[in-house]
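Here are my notes on this one, point by point. Have the viewer open while you go through them.

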Amino acid sequence: MAGSIAASPSSDSPARFDLRRLLRALLPALSLALVLTAIAWLNPRAISYFGFTLMLNLAIPIALATIAQMFVIAGNDLDLSIGAFVGFVGCVTATWLRDAPLIGVAVLLGCIAFYAALGALVYLRNLPSIVVTLGMSFVWQGLAILLLPKPGGKAPDWLLATMGVKPPFVPFPILAALVIAAVAYVGLMRTSYGAILRGSGGNPVAISRAGWSLLKAKMVLFACTGLFGVLSGLALIGITTSADANIGNGYTLLSIAGVILGGGEFVGGRVSPIGAVIGALTLALAASPLLTFMRIPPDWQVAANGAILIVVLAARVLISRKESDR
Amino acid sequence: MIVADAKLVELDGVEKHFGAVRALDGVDLVVGQGECLGLVGHNGAGKSTLMHVLTGTALADRGRLIFAGEEQAGYSPAQAKKLGVRCVFQELSLCPNLTVAENARVFHPGLSGFNWRRRAGALIIDKLDAIFPGHGIAASDLVADLPIGRRQMVEVARAFTVTDEPVRLIILDEPTSSLDAHSARQLLDFMRRVVAEGVSCIFISHLLGEVLDICDRIVVMRDGRQVADAAASSFDRDKLVAAMGGVDAHVREARVEAHAVRGQSPLRVRARPRRQVDAAELVAHEGEVIGLAGLAGHGQTDILLAIYAAALGARSPIEVTATVALVAGDRQADGVFPLWSIAENIGVRSLARLSQGLLISRRREDELANFWRGKIKIRTPDVHDNILSLSGGNQQKALFARALGSDARIVLMDDPMRGVDVGTKLEVYDLIREEADSGRTFLWYTTEADELKQCDHVYVFRNGAIVADLTRGELTEEKVIQSSFEAAS
C-alpha cells in the first residue's frame, strides 16, 4: 500500500518533463526552418547545393565564434572582445601565419594561453568578465591595427584550399556546421568533465564543495573560447582571402545572439552547442541573403538585420514562456 | 560487530567567529560509531556552522577535530570527503542545469571515462529506489525541472551513494523540510537502517517529533555552545523546547473561538484551480487564516501565484478584492535580494510609503526595519548589514516583515516556515493570529500539521485540484492525510 501511495503523485511526471525539454531543444531548429522557408519562398533557386554554399559561407566563422562565446556563457561570463579577437587572429593569419608560419602558430597558441590567463584573472580577482573583456577588445583591436594598418595581407594557401573544399552532395558550410556542432556537443555535453564545466555555471558552490577546482574550470572554459575564436579567425580569412583590422567587429553581438537564440541563457550554465550552431546559421541567413532577396537596399540592411534579430529573439522568449505556462 | 561507544568524531573546544558574532563558542561534541545523533537549537544557535566545520567548508578558529582517533590538521572539504563525511546541506547543493545523473557525477570524480553517464545514472537511481521507493525521478531529468521536494530527494540520495570513498558519517541538515510526510517517513526509516549497519549520523531538524523518534542521543545548542547532551529517551518535546530556551514549553493550540459563520466579513479571494473539474473553489474572507494542505507540490504554490498575478491585474477568472503580498517558500530563489541590506529587503514591498518625492527616505526605511526587528526579533546588530549575514531562519523572518510591514490586506504564504525553529514558529503563529484579528487575510500553504491547526479553514489539494474543504471543527490530521492520498489507495 505504501508503494502505491508514493507512486500516485508522480506517475505522470517524467514523460511531461521530457516533452518540455524536447520543445526547448527544437525551438532553435524551428526558427532556422522559418528563415529557410522565407528564403525558399522569395527565391526558390537559392535552395540548392550552390545556393547554400554561397549563402552559408560566412556562417562558418560565425558558428565558430558563437561556440567560442558559448563556452564563456556556460560559466556565467560574457566575452565582449570576441569580435575584436577574431579580427586580430585574422590579421595574424593574413600576415605572420603566411610569411613566418612558426611565429604565426606561436602567436595563435599564445592567444589561447592568454585567454586561459584571462579566465584565471576573472576568477581570482572576482572581476566582472564584461569589464575585463571590454577592455581586452580595445587591446585586440589596437594590436590588429598595428599589425595591419590598411586592409590587406593574404591567407595562406593551405587555408584557402581547406575553406574551398567542395564535398559531393552536401555543401561544405553545412558539413562544417555539423562537425563544429558535434565536436562542441561531445566536448561540453557528453564528456564527464563537461558536466563539471557546466555545473560551475549552474551552482559554483556545489562544484567546489564536491572538491573540484573552479579556477581550473574557468581557465578551461576561457581557453576553449580562445581556441574557437582562433578557429573562427582562421575560417574567416580562409573565405575572405585577405584581412582587415575591423573584419570581426560584428561578431561580438552576433555570437551572443546566436547562443541565446540557440536556447542558451546568460546565467545558470544553460547552453546548447547544437542550438548555438543552429542559431548562428539562422542569424547568418537572416543577416544578408534573406534581406537581399527581400530587396532591401544595402543602406537599410544593418537596421533590418537588427529588427530581424529582435523579432527572432522575442519569438523565442514568447514561445518558451508559453511552454512554461502549460 | 559494531561497538556503539567507539568514537568516530570528536570535537574539542571548537570556536568560530564571524566578526563580532561568536557562531561557535567552545563546542565539545562526540559522535559514536553507528550512532544517530540529533542536534537541535534555535536559528542562529550555531548548528549549521558546526556542520560546516565538520565538512571542512569552514575552518575552526580554535579547537581540535579528531576523526577515528587521528587529529586532523589542515582539514579541508577534500579531506573530509576522503574520510567519508557526507553532508546534505540546508541550501540545495545540486546544479540545477545538470541532469540527475550528471549531479551524481559531480560528486564522484571516479565516475569518468566511457559510459560514465549510465553508471552515474544507475548509481543514483538505485539509491533513490532504496530510500524513496516510487520516487518518480529519472536519471535524465534536469534538476531545474524537478519540484523542490524531489530535488531534496536527489540531494539526500546522492549523499548516500558510494564509489571510491566509504560513507562513515552522514550529516543531514533539515533533510525533511522540503519533503512531504510520506517521503520524510521513508527517509527516516532508511536512516535507521543505515545506522544499524554502522554508519554514524548527525540529524538536524526543527521537527522535534522526528528527532525524538529516530535519534539515539540528542545535543541541544544555544548561542554557539551545547547546553544539553543526553540519550533521546530522557527527553520529551517540552524538555527539548525548554532546553533550547526562549519560549515557553507548551505548544499553544490555536484559539478555538470559532469565527461564528463564514461569509460575515467581506470577500477577499475567490479562486478555482485550473485543473479543478468540479465546482469546488477556494474562498477567503477578511480576517481569515486559510490553510492550503496536501502533499508537497500538488498545486498549492501554483494557485498562490495565480492569485498574486490576478491581484496585480493579470486577466484571470480569480477574484481578488484587496492588495496582496507574498512570502516566498524558496527564499534563496524567490525571496531575498542577496546584495541588499536587511532594511532594504524589508522595505522593498512598501516603497511607495517609504519614499519622499522621488527618493527613498532612509529614515523611514530604517524605522520600518527597526520596528520589525524588535517585533519579530530578527537577530542582527544592525539592520544595515547584508541580508546574507543572517541565519536562514532570520532571513525568513525578514521576509515576513516585508509582507507584514506592507499595506497588503492579503498575505499569501508559500510554505514559509521550512527550516524555521520552533520558537520562531510560535512567535509567527501569534503574529499571524493578531494580524488576522485586525482584518488581514492569510492564505497559507503548509506541509506541517501543526500549522494547519492555526487556520480557520483548510483546503486540501491533490494533483492541482481541491479535494477536501475542511472547517476548523472538521480538521484532523487523519482527514488531511486521507484526502491527500485518497485516489491511490
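1. Start where α10(A) meets α11(A): Gly187(A), Leu188(A), Met189(A) and Arg190(A) on the α10(A) side touch Ser192(A), Gly194(A), Ala195(A), Leu197(A) and Arg198(A) on the α11(A) side. By type, the residues of this contact split into four nonpolar, three polar and two charged. Keep in mind that this is a predicted model.

2. How do those two helices sit? α10 (residues 172-190) and α11 (residues 192-202) of chain A pack at about 75°, and their axes are 5 Å apart. An angle of 65 to 115 degrees counts as roughly perpendicular, so α10(A) is roughly perpendicular to α11(A).

3. While you're there, look at how covered α11(A) is: 10 of its 11 residues are buried. Among them are Ile196(A), Arg198(A), Gly199(A) and Ser200(A). The partners come from both chains: the buried residues of α11(A) pack against α4, α10, α12 (204-209) and α13 of chain A, and also against α3 (100-107) and α4 (116-131) of chain B.

4. On α4(A) the contact includes Ile60(A), Leu64(A), Ala68(A) and Phe71(A), and on α13(A) it includes Leu221(A), Phe228(A), Leu231(A) and Ile239(A). The tally for this contact is 17 nonpolar, three polar and no charged residues.

5. On to the cores. The largest nonpolar core has 95 residues, and those with the most contacts inside it are Leu128(B), Met191(B), Phe203(B), Ile218(B) and Val220(B). Apart from that one lies another core, of 90 residues, including Leu118(A), Leu148(A), Ala177(A) and Ala245(A).

6. What does Phe203(B) touch, leaving out residues up to four places away in sequence? Its contacts include Cys36(B), Leu37(B), Leu172(B), Leu188(B), Met191(B) and Ile214(B), and Glu210(B) is one of them too.

7. Most residues other than glycine have a negative phi. Arg295(A) has a positive one, near 60°, and Glu174(B) has one of about 55°. Arg295(A) sits in the loop between α16 (289-293) and α17 (298-325) of chain A, while Glu174(B) is in the loop between β7 (169-173) and α6 (181-196) of chain B.

8. Is each of those two buried or exposed? The cut-offs are under 20% for buried and over 50% for exposed, so Arg295(A), at 73% relative accessibility, is exposed, and Glu174(B), at 4%, is buried.

9. A quick one on Thr53(A), which lies in helix α3 (residues 49-56) of chain A. With the buried cut-off at under 20%, its relative accessible area of 16% makes Thr53(A) buried. Residues up to four places away in sequence aside, Thr53(A) touches Pro171(A) and Pro173(A).

10. Last, confidence. Chain A has a mean pLDDT of 87, and 91% of its residues reach 70 or more. Residues 1-15 of chain A are another matter: the pLDDT there is below 50, though the stretch has 22 contacts in the model beyond near neighbours in sequence. Where pLDDT is low, the predicted coordinates should not be read in detail.

Note on methods
Residues are numbered from 1 along each chain as its sequence is written. Chains are lettered from A and ligands numbered from 1 in the order in which they are written. This is a predicted model: local features need pLDDT of at least 70, side-chain atom pairs count only at pLDDT 80 or more; totals for chains, interfaces and linings use all residues. Side-chain values use heavy atoms; hydrogens and water are left out. A nonpolar core is a set of buried Ala, Val, Leu, Ile, Met, Phe, Trp, Tyr and Cys residues joined through side-chain atoms within 4.5 Å. Buried means under 20% relative accessible area, exposed over 50%, partly exposed in between (1.4 Å probe, protein chains only). Contact means heavy atoms within 4.5 Å. Helices (H or I, at least four residues) and strands (E, at least two) are DSSP runs, numbered from the N terminus. Ala, Val, Leu, Ile, Met, Phe, Trp, Tyr, Cys and Pro count as nonpolar, Asp, Glu, Lys and Arg as charged, and the others, Gly among them, as polar. Axes are lines fitted to C-alpha atoms, for helices over the stretch in contact, and angles run from 0 to 180 degrees between N-to-C directions. Angles under 35 degrees count as roughly parallel, over 145 as roughly antiparallel, 65 to 115 as roughly perpendicular and the rest as oblique. pLDDT is the predictor's confidence in each residue, from 0 to 100.
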